[in-house]
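Subject: Structure handover

Hi,

Here is the structure I promised to pass on. Please open it alongside this note, and my findings follow below.

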Amino acid sequence: MLQPRYLSVVLSFFISGVTTAFISFLPSSDLTILVISFISCFIFGSILIYFALDYLVFQEVNQLYDRIKQIKKKDFSITPRKQLVEKTNPIELLKKELNTYVTSKEDEVFELKKAAKYRQEFLADVSHELKTPIFAAQGFVHTLLDNPDEDVEIRSKFLEKAAKSLDGLDNLVQDLLTVSQIETGAIKIEKKKMNLRALVEEIFEQVEAKARKRGVTLTLEAPAIPVYVKADMLRISQVILNLVVNGIKYGKENGSVTVLLTEKKKVVQISVIDNGPGIASEHLHRIFERFYRIDKSRAKNSGGTGLGLSIVKHIVQAHNGKITVHSAENKGTTFEFKLEKA
Ligand SMILES: Nc1ncnc2c1ncn2[C@@H]1O[C@H](COP(=O)(O)OP(=O)(O)OP(=O)(O)O)[C@@H](O)[C@H]1O
Ligand SMILES: [Mg+2]
């Protein structure tokens, strides 16, 4: 390694050699003078060169160090200079610090690029999803305007369709708001003691009409006593509602949707089970992605935005849980997650 100590010894060795060689040409020189001049030249030379190099190297290194310190401050932790000076090779350490810095910057750039791509895709998805209901409503309204003499029955049918599209638009915007709140961290999960059993019963009441329309039987399998968990009631009701509605919408006609509450030692497991057509394995790992729908046309007919499950996943994660899905084609689908017992 090119360290000041070795470099100064080597350099002063050569310098004293050359000096001694010159002196040897003087007629008055003898061996003693040559030896003394070599040794004194070597010693003084080594010391002077050593300090000069050391001073220069350290000065440079310190300047570099201060510079990095200015750049990084919050970015990464740097070894204190005192420690650096004590080590034998400051340049080696500086190199290491710079490498760490560059690596952390590269990671940062990668994350930023990923975020930018995500934003682009999100914007494209959102505009695409918004376009569909707006176009539909626009079409119906313009048809009505262009045909003022149309039959009252047909007019009201068109108005109904326009209203349905606008309802879909409203749903989409609500879901988008939730997604954005979750992503910006604006949603605060407020965990309180709540009765899961009562919540599921309430949700069943809400979706009863929907279930009846498709002949779906709703069942709650839970201990007869209240099942208490610590969770954000509003958010968890959103989760269970989406899972139950999915079961009704995508399950089979005249099928069944069961909510099963199983009490464990520290948690309560919530399972939402249907006996519908199931989800093929190639889709299974993607259904929690935003806007992902398996059968786009069918989902659209049922007013789905494809944001439901991605919201579900976020909310369950915010409760420190994980949502899992098991599905077998033509047997049915089960979604499961756990909540902390109160
Ligand atoms: N129980 C289920 N059985 C079969 N397929 C399902 C089931 N649940 C969800 N899916 C599929 O997963 C897709 C995504 O579901 P998700 O809840 O995210 O969206 P959505 O129900 O279409 O819309 P939204 O919930 O926003 O109204 C659905 O479009 C459907 O294809
Ligand atoms: Mg849904």
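Let me start with a side chain: Glu108 is partly exposed, with a relative accessibility of 38% (buried is under 20% relative accessible area, exposed is over 50%, and partly exposed lies in between, using a 1.4 Å probe and protein chains only).

Before going further, some housekeeping. This is a predicted model, in which local features need pLDDT of at least 70 and side-chain atom pairs count only at pLDDT 80 or more, while totals for chains, interfaces and linings use all residues. Residues are numbered from 1 along each chain as its sequence is written, chains are lettered from A and ligands numbered from 1 in the order in which they are written, and side-chain values use heavy atoms, leaving out hydrogens and water.

Back to Glu108: its side chain forms a salt bridge with that of Lys105, at 3.6 Å from N to O (the criterion is a side-chain nitrogen of Lys or Arg within 4 Å of a carboxyl oxygen of Asp or Glu). Lys105 is partly exposed too, at 26%. Helices (H or I, at least four residues) and strands (E, at least two) are DSSP runs, numbered from the N terminus.

By that criterion there are 11 salt bridges. Another one joins Arg197 and Glu201, with 3.5 Å from N to O; these are four residues apart in helix α6, again about one helical turn. Glu201 is partly exposed at 36%. Salt bridges with shared partners also link Lys191, Lys230 and Glu340 into one network. Within it, the closest N and O atoms of Lys191 and Glu340 are 3.6 Å apart. Lys191 is in the loop between α5 (152–184) and β1 (192–195) and Glu340 is in strand β7 (residues 332–340), so this pair ties together parts 149 residues apart in sequence.

Now the sheet. Five strands form an open sheet in the order β2-β4-β5-β7-β6, with mixed pairing (two strands pair if DSSP finds at least two bridges between them). Its edge strands, each pairing on one side only, are β2 (217–221) and β6 (324–328). From one strand to the next, the twist averages 15° (axes are lines fitted to C-alpha atoms, for helices over the stretch in contact, and angles run from 0 to 180 degrees between N-to-C directions). Helix α6 (residues 196–214) packs on this sheet and touches β2, β4 and β5, its direction making about 175° with that of β2; contact means heavy atoms within 4.5 Å.

Best wishes
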